[in-house]
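Take a walk through this protein with the model open beside you.

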Amino acid sequence: MFNIGVTTRAFNGLTISDTAREMAAGGFRCTELCFVHSDLDGWKYNGIGPLDGITPARIKSVADEFRGRGIEVTSLGMFTDLRNPDEGARAAAIDYAKRYIEFAAEAGIPYIASECGFTPGSRGINADTYESDYLNLKETLRTICLEAEKAHVHLALEACVLDIIPSPRRLKNLIEELEHESHVRLGAMLDPANFLANSDEEGMFHYLRYDISYLHGKDRKINAAYGVNVGDGDIDWVKFMECYLRYADRKPFILEYCNRENCREIKNRAEAYYEDAFRAIINRIN
């Protein structure tokens, strides 16, 4: 059965209770929890949001609210800047991640998730800072992964063609370097829209199939900077789902970019692609 979910960002501004109720009514099985709710806020994309008043016990009660409705909380979506050239900013990001680790450990949530991070207004790879950005990112990840593993939590990194880890191959290389150098296990949060411009659907799994913690479900036009809903871009979703079935079946596939008005429609699309892929595989076997 397709393990499909939706990020809580799709229900921005709702209470946790209302969000869990709507997800359950839509048949979602898992979620990525971000602090964007009227009774649990403080999330800041690519930055450090205020966590005042948020306690591990509060996050455990939130996770239990979802679980009580049959929805597993796969991760806490942190999504901060881990490669900032300023040493003080990186230290603050590490402290921020430690809070998320503490929340996840208390709540029994297996992952915290982040992107690499970028400088607002100049996102993308810069030849002048590429090597130092990579080293800064790797050192930050090393520290966070070590802290996370002590708490039996893992970090799942979402990479993107627009950032310092621009391809599945580079993400695999980073994972291997950290494992070899420090014996820490970095996971991949695979978002196919983020790699479409440099990798086909099979290529993503070729490099990352053993490292996937969970997946984001969104789409993108191949030459566009921003993502769109599943089915509105250039990803061959039946081909992608065939790879998912082979290499990552039952891993959480969590929709993003949809909202409370259209998330059920987008879920139906994704499930149809999954079923088409399943039938295609069975037909080839027969």
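**Helix α7 and its neighbours**

The buried residues of α7 pack against α5, β8 (187-190), α6 (192-195), β9 (212-217) and α8 (237-247). Which residues of α7 are buried? They are E201, G203, M204, F205 and L208. Keep in mind that this is a predicted model.

Now look at one of those neighbours, α5. Helix α5 covers residues 168-182, and helix α7 covers residues 201-208. Their axes lie 9 Å apart, and the packing angle is about 10°. Angles under 35 degrees count as roughly parallel, so α5 and α7 are roughly parallel to each other.

Which residues make this contact? On the α5 side they are P168, R169, L171, K172 and I175. On the α7 side they are G203, M204, Y207 and L208. Sort the contact residues of α5 and α7 by type, and you get six nonpolar, one polar and two charged. Find M204 again here: M204 is one of the buried residues of α7, and M204 also takes part in the contact with α5.

Helix α1 spans residues 16-25, and helix α2 spans residues 56-67. Their axes come within 9 Å and cross at roughly 25°. That angle makes α1 roughly parallel to α2. The crossing of α1 past α2 is right-handed.

Zoom in on the side of each helix that meets the other. From α1 come I16, S17, T19, A20 and M23. From α2 come R58, V62, E65 and F66. Between α1 and α2, the contact residues split into five nonpolar, two polar and two charged.

A148 sits in helix α4, residues 130-150. Is A148 buried or exposed? A148 counts as buried, because its relative accessibility is 0%. What does A148 touch, leaving aside residues up to four places away in sequence? The contacts are I101, V153 and H154. Look also at A97, which is 51 residues from A148 along the chain. The C-alpha atoms of A148 and A97 are separated by 8.8 Å.

F79 has a positive phi of about 50°, although F79 is not a glycine. Find F79 in the loop between β5 (72-77) and α3 (87-107). With a relative accessible area of 2%, F79 is buried. R250 is not a glycine either, and its phi is positive too, at about 80°. R250 lies in the loop between α8 and β10 (253-255). R250 is exposed, with a relative accessible area of 58%.

Finish with the cysteines. How many disulfides does the structure hold? The count is zero. Start with C30: the nearest cysteine sulfur belongs to C258 and is 12 Å away. A disulfide needs two cysteine sulfur atoms within 2.5 Å, so C30 is in no disulfide. C30 is also buried, at a relative accessible area of 1%. Then take C258. The nearest cysteine sulfur to C258 is that of C263, 5.4 Å away, and C258 is in no disulfide. C258 counts as buried as well, with 6% relative accessibility.

How values were computed: Residues numbered from 1 in each chain as written. Predicted model: local features only at pLDDT ≥ 70, side-chain atom pairs only at ≥ 80, totals over all residues. Heavy atoms only, no water. Buried < 20%, exposed > 50% of the residue type's maximum accessible area, 1.4 Å probe, protein only. Axes fitted to C-alpha atoms, helices over the stretch in contact; angles between N-to-C directions. Helix = DSSP H or I, 4+ residues; strand = E, 2+ residues; numbered from the N terminus. Parallel < 35°, antiparallel > 145°, perpendicular 65-115°, else oblique. Contact = heavy atoms within 4.5 Å. Nonpolar A, V, L, I, M, F, W, Y, C, P; charged D, E, K, R; others polar. Left-handed = near helix turned anticlockwise from the far one by under 90°.
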